[in-house]
Amino acid sequence: MGSGAFTLALVLALSTCVTPVERKLSGLWRNEQDSLMEISALADDGGFQGEYLTRVTLAGGCTRISPLRGAQQQPSEVAWPTFAFTVWWDTFSNATTAFAGQCFVDASGREMLSTTWMLREAVGSLEEDWKATRVGRNVFTRKRTPKGKILHSLSPSCEDAALPVL
């Protein structure tokens, strides 16, 4: 085998060993503020649903698990798929948040979701509209956990002061 053929064979063999992590959203994720989200498997059309447990509230007080719904660009279409989802804070707040982001894998193999969010809080009048929208950024990292839904087991009761550390 010539050196060119050997090099090609070596590159092909190594590329199968270092293929990027399967770029999918399903699983448990934590952001820099310790908020957690658990996303179910993607549907064939890229749709997904899940649950979100925030550590941040508008009015303080007890947080509850909130539903999330979204869609992801199919991972087979691009190397680092984009996605969007909304969270309706239905049990403890009068707000909805929309997230848009992209999946990445860093040099050490850590999966990350880089997101920008826009939160809209309900206000009582048009005059208060100026204060109703907030914009921010979060980076989520995947948390390795046993298979199956676990967010409910990590959700604190309203008497608990802090979430357990994973």
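The lining of the second largest pocket is made up of nine nonpolar, eight polar and two charged residues. Keep in mind that this is a predicted model. The volume of this second largest pocket is about 280 Å³. There are 19 lining residues, and those closest to the pocket centre are Thr 54, Val 56, Trp 89, Trp 117 and Leu 119. As for the elements, β6 (95–105), β7 (111–121) and β8 (133–143) are the ones that contribute two or more residues to that lining.

Now the charged pairs. The structure has seven salt bridges, and I will show some of them.

Start with Arg 142 and Glu 111, whose closest N and O atoms lie 2.6 Å apart in a salt bridge. Arg 142 sits in strand β8 and Glu 111 in strand β7, so the pair links distant parts of the chain, 31 residues apart. Are these two buried or exposed? Both Arg 142 and Glu 111 are buried. They also belong to a network of salt bridges that takes in Arg 144.

Next, Arg 110 and Asp 106 form a side-chain salt bridge at 3.1 Å, N to O. Arg 110 has a relative accessible area of 43%, so it counts as partly exposed. Asp 106 is partly exposed too, at 22%.

The last one is Lys 131 with Glu 128, a salt bridge at 3.5 Å, N to O. Lys 131 is partly exposed, with a relative accessible area of 37%, and Glu 128 is partly exposed at 27%.

That is what I have; questions are welcome.

Methods: Residues are numbered from 1 along each chain as its sequence is written. This is a predicted model: local features need pLDDT of at least 70, side-chain atom pairs count only at pLDDT 80 or more; totals for chains, interfaces and linings use all residues. Side-chain values use heavy atoms; hydrogens and water are left out. On a 1 Å grid over the protein atoms alone, a cavity is a set of points where a 1.4 Å probe fits but cannot get out, and a pocket is an open set with protein on both sides within 12 Å along at least five of seven lines; lining residues have an atom within 4 Å of a point. Grid points are joined across faces, edges and corners, and a volume is the space filled by probe spheres set on the points. Helices (H or I, at least four residues) and strands (E, at least two) are DSSP runs, numbered from the N terminus. Ala, Val, Leu, Ile, Met, Phe, Trp, Tyr, Cys and Pro count as nonpolar, Asp, Glu, Lys and Arg as charged, and the others, Gly among them, as polar. A salt bridge is a side-chain nitrogen of Lys or Arg within 4 Å of a carboxyl oxygen of Asp or Glu. Buried means under 20% relative accessible area, exposed over 50%, partly exposed in between (1.4 Å probe, protein chains only).
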